[in-house]
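Trainee: I would like to go through the salt bridges here, one question at a time.

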Amino acid sequence: MSAPTPSVPELSRPVNVESLSDTAEVCLEINADAGERANLARRFGLVQLESLMANVILCRTAADDVSLSGSLKASVVQTCVVTLEPVRSTIEARFTRVFSLVAESGTETLDEIFLAPEADEPPEHLAGGIVDVGEVVAETLGLEIDPFPRAPGAVFAAAAAGPSEAEKYPE
């Protein structure tokens, strides 16, 4: 039996963060090509991903942290959950992620975890000194896709009809 092949991200733009200077920002413009868009459409269950563009800025925030911030714009075609007709929409989103080059110490225990909703997300550990900016863009797109797209004016018939007489006046 052979070992499973590691999956290759559909939109891969690796950046070696070790090459980032402490003072300069690196700006990336991403335009997904037709093959990348087709693979992302399959990944996210879209009829079509017509376009995907992102602008991303990477910079060192501390000796061992890297900040990634950007915006994306995508044009997607999904299937209406009511009529099964194609639904076109535009997605625009801003995102920020922080990565740490320092390995976790392992001294913390998992007995109790306190979450503060207003607190910033902790930095993600970055193994190997490489951040895949394309995968960050793809993950952001996946989070922004409408899980229940509806065509304009589409109404679910059962909800529009209201409760039946038996439901209104149970015996």
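The questions below concern salt bridges in a predicted model.

Trainee: How many salt bridges does the structure hold?
Mentor: A pair counts when a side-chain nitrogen of Lys or Arg lies within 4 Å of a carboxyl oxygen of Asp or Glu. By that criterion, the number of salt bridges is six.

Trainee: How many residues apart are Arg-43 and Glu-135?
Mentor: Their side chains form a salt bridge, N to O 2.8 Å. Arg-43 belongs to helix 1 (residues 34-44) and Glu-135 to helix 2 (residues 133-144), so the bridge links distant parts of the chain. The separation is 92 residues.

Trainee: Is Glu-135 buried or exposed?
Mentor: Buried means under 20% relative accessible area. Arg-43, at 34%, is partly exposed. Glu-135 has a value of 17%, so the word for Glu-135 is buried.

Trainee: Which strand holds Arg-97, the partner of Glu-124?
Mentor: The side chains of Glu-124 and Arg-97 meet in a salt bridge, 2.5 Å from N to O. Glu-124 is in strand 6 (residues 124-125), 27 residues from Arg-97, which sits in strand 5.

Trainee: Which parts does the salt bridge of Arg-97 with Glu-139 tie together?
Mentor: The closest N and O atoms of Arg-97 and Glu-139 are 3.0 Å apart. The two residues are 42 apart in sequence, so the pair ties together strand 5 and helix 2.

Trainee: Which residues do salt bridges with shared partners join into one network with Glu-10?
Mentor: Arg-43 and Glu-135 already pair with each other. Through shared partners, the network with Glu-10 takes in Arg-43 and Glu-135.

Notes
Residues numbered from 1 in each chain as written. Predicted model: local features only at pLDDT ≥ 70, side-chain atom pairs only at ≥ 80, totals over all residues. Heavy atoms only, no water. Helix = DSSP H or I, 4+ residues; strand = E, 2+ residues; numbered from the N terminus. Buried < 20%, exposed > 50% of the residue type's maximum accessible area, 1.4 Å probe, protein only.
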